[in-house]
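Hello,

Here is the structure I promised to pass on. Have a look at it first, and then read my notes below.

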Amino acid sequence: MFFNFIWPIVDDAQEHCGITFTRDHLLIKDGGIIALDWAVRLKDLNALAKSQHYLGERAPGCHTCTPPIIILIPNALGKITQNLLSLCRLALQQGFYPVVFHRRGHGRCPLTTPRYQEFGDPSDLVQAVLYIKSRHQSSDLFAISEGSGSGLMLSYLGERGSSSYLVAAACISPVFYGQLFFETPCPKLYHEASLFYRKLQMSRYATALSSVMDTEKIFSCHSLQDMEKLMFCSVRFQDTSHNNTLEQAVELRSVETNWAGYWERNEPLRDADEVAVPVLCLYSTDDPILPPASTLPMSIFQNSPYFFLALTSQGSHCGFLQQDTQTAASWSHEAVLEYFRVVSEFFKVEERKCFVEGFVGWDTGQGLRQKTGVMAHRRRRPTMLHRERPPLGSQRQLSSHSRLVTCEEQEMFTWNRSYTR
């Protein structure tokens, strides 16, 4: 766990793991900026040779000749770990197209708004997924979250329901209850390292954030829980401009200073009943960071057809190391990618059945697919013309006139690209 999850990596990840990344910066409606790091090429010749089998033909689990895309969501600290890079490398070798999602202020993404994203606020991820899907209409979308990043993943799946655009998702060592996660003591080494890393992130924007946060208290606090409260549950100066009345400002204060209220809108499983895509969760009972396995929401896995739990006795936090290898290889990576292939093939068979029997009159109350609404959603989705981004290779420019966009996308994005060095 220490090597895969805590040990720092060099800044140049592509040099460290032999992966070439290219970055897209997305300007969000509120002025914030998020980043997408596309893994476009393996530099290692041996690893590249393993992936040549998939070039020019259908990748595993893919319905078309375009490779399926895997959205990787790092932990809530935004730290890129050895574990995440190993998963990205393996996905490339097996013909998938990985992209790492960075929240505002994370992963050297500039913070242009005086706030960070809350633990379970999926609004930025919603726009990122819409952007990815609009550029790769014929590719299946999958998503994998690591550690506390599952808080964002599960919140997104619950909020979007059958409109998530995802075929399936997986959570490695997930956090199911955010408040319990912050209030449960964890190993001192991990806690101190995480606290230092988060303060280091904020130090870059300390001057700007001081207008809305008490940065002096934040940098002097001694726990992640206190830091979360100071960042999101304590507004230093209320906005009494012409946009807000005094009564609105007082109401805002009463909501923002409530720790329980913060988790009412940020708990990962608050909309679990609305999840409409298969979700595989890998959890180990010896995880030293997460709450005990006795706190697992077993009722969800027993009653929902979309939640699957792989519970192991060993694996630590985002570890799941293979015993037969001398390197720090994780069997969870192979398991998750195999799971995506199986789910994709299952849905492919179901769609064939629908085509044979005729979609009109098909009993949507039968099978797992009935509640997802994905098949019906795909048929209702408006046609959009665009040019596919090459899965492996050099970047190319995307003209704002190269595709048509739907009304929903037009509300979410202004399709202008800018390039900076």
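Predicted model: local features only at pLDDT ≥ 70, side-chain atom pairs only at ≥ 80, totals over all residues.

Residues are numbered from 1 along each chain as its sequence is written, and side-chain values use heavy atoms, with hydrogens and water left out.

A nonpolar core here is a set of buried Ala, Val, Leu, Ile, Met, Phe, Trp, Tyr and Cys residues joined through side-chain atoms within 4.5 Å; buried means under 20% relative accessible area with a 1.4 Å probe, protein chains only. The largest one has 67 residues, and Leu 36, Ile 71, Ile 132, Leu 157 and Val 279 have the most contacts inside it. Its largest share, seven residues, comes from helix 5 (residues 123-135). Apart from this core lies another of 32 residues, including Leu 85 and Phe 347.

Six of its six residues are buried, so strand 7 is largely enclosed by the rest of the structure. Val 279, Cys 281 and Tyr 283 point one way, while Leu 280, Leu 282 and Ser 284 point the other.

Strand 7 runs parallel to strand 6 (residues 168-172), joined by four bridges (pairing takes at least two DSSP bridges). Six bridges pair strand 7 with strand 8 (residues 307-312), also in the parallel sense, and there Leu 282 stands opposite Ala 310.

Best wishes

Definitions and conventions
Buried < 20%, exposed > 50% of the residue type's maximum accessible area, 1.4 Å probe, protein only. Helix = DSSP H or I, 4+ residues; strand = E, 2+ residues; numbered from the N terminus.
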